[in-house]
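Here is a friendly walk through one protein model, from its strands to its core and its surface. Keep the structure open beside the text as you read.

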Amino acid sequence: VVIKHGGRVVTASCPAGPAFEGGLISYGMPGCDGAIEAVRYRDGKFDLETIGGVKPEGICGSGLIDILAELRRHDQMTPKGVFADRKRELTISEESGITFSREDASNLAQAKAANFCGQYIVLRHLGIGPGDVDKLYLAGAFANYVNVRNAIEIGFLAPVPEERIVKVGNASARGSLQLLLSSRMRAVAESFVKEIEHVELETTPDFFEIFVEACQCKPMPGELT
């Protein structure tokens, strides 16, 4: 997370772990053919879209975000991750036997909380809120396919107005190419790095309280205290 405001550049690292890349999730998988990438909940069933339009084999990060958002939207899960009727597991794809469990929801909540904390603490450090952000750039292949509204509703992204959010794709590859090909760009990058202030999230006095609150599947407050 990097935020530029008032002549300052502040950053923090969010140790979200592998959950949104398929790790620690019963049927999690990377974003390749067969991965469920988009989910809608209708009439008690899940409508699915897979990468490549083939039979579902698992769920990738964008699909996991959709599942959490759809369960909350249709009152099939509480903010603390308790499923309706106290179920321990939900069937996502009957065809492939793919399920989503309470443990899966818990692992995702903790991964999401790390992302929440990074954004929340850096914004607060600068004395601003989500509504003050002029542009939110989402970098990386995963971010490129995330349903922004769903990500905001579960607290994965700060509630920046959607029209201000820009998906830039694989920015690290493009940036690396520029540094390899241009001495001027290398000089710009080296100068920029010296301006960055790094916030150690775990040393923030109320980090644990923020993290616990962030584990709930609900939007980040518009006003940060």
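Is T11 buried or exposed? T11 is buried, because its relative accessible area is 15%, and a residue counts as buried under 20%. Before going further, please bear in mind that this is a predicted model.

**Around strand β2**

T11 sits in strand β2, which spans residues 8-11. Leaving out residues up to four places away in sequence, T11 touches V1, V2, V122, I196, E197, H198 and V199. One of these partners, E197, also takes part in a salt bridge with R8, at 2.8 Å from N to O. That pair ties distant parts of the chain together: R8 belongs to strand β2 and E197 to strand β10 (residues 196-198), 189 residues apart. R8 is partly exposed, with a relative accessible area of 31%, and E197 is partly exposed at 31% relative accessibility.

G6 counts as exposed, because its relative accessibility is 69% and the cut-off for exposed is over 50%. From C-alpha to C-alpha, G6 and V122 are 13 Å apart in space, while 116 residues separate them in sequence.

**Salt bridges**

The structure holds eight salt bridges.

| Side chains | Distance, N to O |
|---|---|
| R8 and E197 | 2.8 Å |
| D47 and R42 | 2.6 Å |
| R73 and E70 | 2.3 Å |

In the pair of D47 and R42, D47 is partly exposed at 35% relative accessibility, and R42 is partly exposed at 46%. What is the setting of R73 and E70? Both lie in helix α1, three residues apart, about one turn of the helix. In an α-helix there are 3.6 residues a turn, so residues three or four places apart point the same way. R73 counts as partly exposed at 36% relative accessibility, whereas E70 is buried, with a relative accessible area of 4%. Salt bridges that share partners join E70, R73 and E153 into one network.

Helix α1 runs over residues 61-73. Its 13 residues reach 18 Å from the first C-alpha to the last, close to the 18 Å expected at 1.5 Å a residue. Why can α1 be called largely enclosed by the rest of the structure? Eleven of its 13 residues are buried, so the helix is largely enclosed. Among the buried residues of α1 are G61, L64, I67, L68, E70 and L71.

After α1 comes D75, whose phi is positive, near 55°. M77 is placed in the loop between α1 and β6, and M77 counts as buried at 2% relative accessibility. Not counting residues up to four places away in sequence, M77 touches L68, L71, R72, V82, F83, A105 and C217. M77 and D43 are 34 residues apart in sequence and 16 Å apart in space, C-alpha to C-alpha.

**The largest nonpolar core**

Which residues touch the most other members of the largest nonpolar core? Of its 56 residues, they are L71, I92, F100 and L108. At least two residues of this core come from each of β3 (35-42), α1, β6 (89-93), β7 (98-101), α2 (102-125), β8 (136-139), α4 (148-153) and α7 (207-214). Helix α2 gives the largest share, ten residues.

Apart from neighbours within four places in sequence, I92 is in contact with I36, F46, L48, I59, I67, I98, T99 and F100.

**A nonpolar patch on the surface**

To finish, turn to the outside of the model. L177, L180 and L181 form a nonpolar patch on the surface, and together they have about 370 Å² of accessible area. L180 is found in helix α5, residues 171-181, and L180 counts as exposed because its relative accessibility is 67%.

Methods: Residues numbered from 1 in each chain as written. Predicted model: local features only at pLDDT ≥ 70, side-chain atom pairs only at ≥ 80, totals over all residues. Heavy atoms only, no water. Patch = residues over 30% accessible without salt bridge, like charges linked within 9 Å, V, L, I, M, F, W, Y side chains within 5 Å. Areas by Shrake-Rupley, 256 points an atom, 1.4 Å probe, with all protein chains shown as cover. Salt bridge = Lys/Arg side-chain N within 4 Å of Asp/Glu carboxyl O. Helix = DSSP H or I, 4+ residues; strand = E, 2+ residues; numbered from the N terminus. Buried < 20%, exposed > 50% of the residue type's maximum accessible area, 1.4 Å probe, protein only. Expected span 1.5 Å × (residues − 1). Core = buried A, V, L, I, M, F, W, Y, C linked by side-chain atoms within 4.5 Å. Contact = heavy atoms within 4.5 Å.
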